[in-house]
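This briefing looks at one strand and its neighbours, and then at contacts that involve aromatic rings. Please keep the structure in view while reading.

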Amino acid sequence: MTKLTSEVRVACAEIDMLGECPMWHPVEERLYWVDTRRPALRRLEADNSITSWPMPSNIGSFVFRSRSGIVAGLKQGFCTVDLETGDVATLLHPEPHLAENRLNDGRCDRRGRFWCGTRDPGNDNPGGSLYRLDPDFSVTRMDSGFIVSNGMAFSPDDRTLVFGDSRGDTIWQYDLDMDSGALSNKRLYLSTAGLPWRVDGATFDAEGYYWCALIGHGAVGRFDPLGRLDRMVLLPLTHPTMCNFGGPDLGTLYVTTSSVLVPEEDRARQPLAGAVLAIEGLGVRGVREPLFAG
């Protein structure tokens, strides 16, 4: 494993409470992300200004639609967001019987389906599940038993889903049948038990390596297909929350971060906590984000 000294710069200095889900729009070529705790969708404009859309409840993740706008996972369920008007419309909640659960980490696969996991407000109840929202807005529960659903990413060959439980210290691999959307052969990919970090948001590079935020350790890591740590990039803050590739050539790794997780006495030493960072010079590129087909 190699610790790299790649160039880390500030992409957006505006401080989020809990930034998540950096997504590079493949058509607009602009960066979007969310603040989960001060619920809003954000977009970085060409002049470095920020456009924000307030959300009616905690937002965990979102995907771009093939037509326009986004589909997002909020506390109130799967929702559509009109970026022209800011209107938020609830499609459905996959767990209407679990009033405190909310949608958390999610991604779109290359058949245009939105996969998203749920969690409850605590950090010890394995009451979360993994759902698949199809383009016809039907929803299927794919797995269950998660405390905090996290670390979701689809391999670039479309054969593997990585997904897991950051508070359960376990990340799994599943075989994915891309045509049917079925999962099989669930097996351990990473265990963080006893380590100084947990896996948070993640992505794949074009070479099939898994990149994830190492929350609590101030770094992002690159893991090979067998789950072995290949590289680590250190950051000037403790709590990165998700990483994803962007930029015109998909060669920049954007990293959202948290300020609310930093104790008050440490915030002066971490002035960039809550900013969006960008890592250059990694020598690898990401994969174009799929669009939700509904």
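Why is strand β5 (residues 40–44) largely enclosed by the rest of the structure? In this predicted model, five of the five residues of β5 are buried, so the strand is largely enclosed. The burial covers both faces, with A40, R42 and L44 on one side and L41 and R43 on the other.

**Strand pairing around β5**

- Strand β4 (residues 31–35) pairs with β5 in the antiparallel sense over five bridges, and the two strands form a hairpin with four residues between them.
- Within this pairing, L31 has L44 of β5 as its bridge partner.
- Strand β6 (residues 50–54) also pairs with β5 in the antiparallel sense, over five bridges, and here R42 stands opposite S52 of β6.
- The hairpin of β5 and β6 has five residues between the strands, and N48 in that hairpin takes a positive phi near 70 degrees.

**Aromatic pairs and cluster**

- The count of aromatic pairs comes to 14, among them the stacked pair of W24 and Y254, whose centres are 6.2 Å apart with 5 degrees between the planes.
- This pair links W24 in strand β3 with Y254 in strand β24, 230 residues apart, and both W24 and Y254 are buried.
- The rings of W115 and F154 have centres 5.7 Å apart and planes at 65 degrees, so this pair is edge-to-face.
- Y32, W53, F62 and F64 form one aromatic cluster.

**Charges over rings**

- K186 lies over the face of W172, at 4.3 Å from the ring centre, while the charged end of R222 sits over the ring of Y209, 3.8 Å from its centre.

Methods. Residues are numbered from 1 along each chain as its sequence is written. This is a predicted model: local features need pLDDT of at least 70, side-chain atom pairs count only at pLDDT 80 or more; totals for chains, interfaces and linings use all residues. Side-chain values use heavy atoms; hydrogens and water are left out. Buried means under 20% relative accessible area, exposed over 50%, partly exposed in between (1.4 Å probe, protein chains only). Two strands pair if DSSP finds at least two bridges between them. Rings of Phe, Tyr and Trp (its six-membered ring) pair if their centres lie within 6.5 Å; planes under 30 degrees apart count as stacked, over 60 as edge-to-face and the rest as tilted. A charge sits over a ring if NZ of Lys or CZ of Arg is within 6 Å of the ring centre and within 35 degrees of the ring normal.
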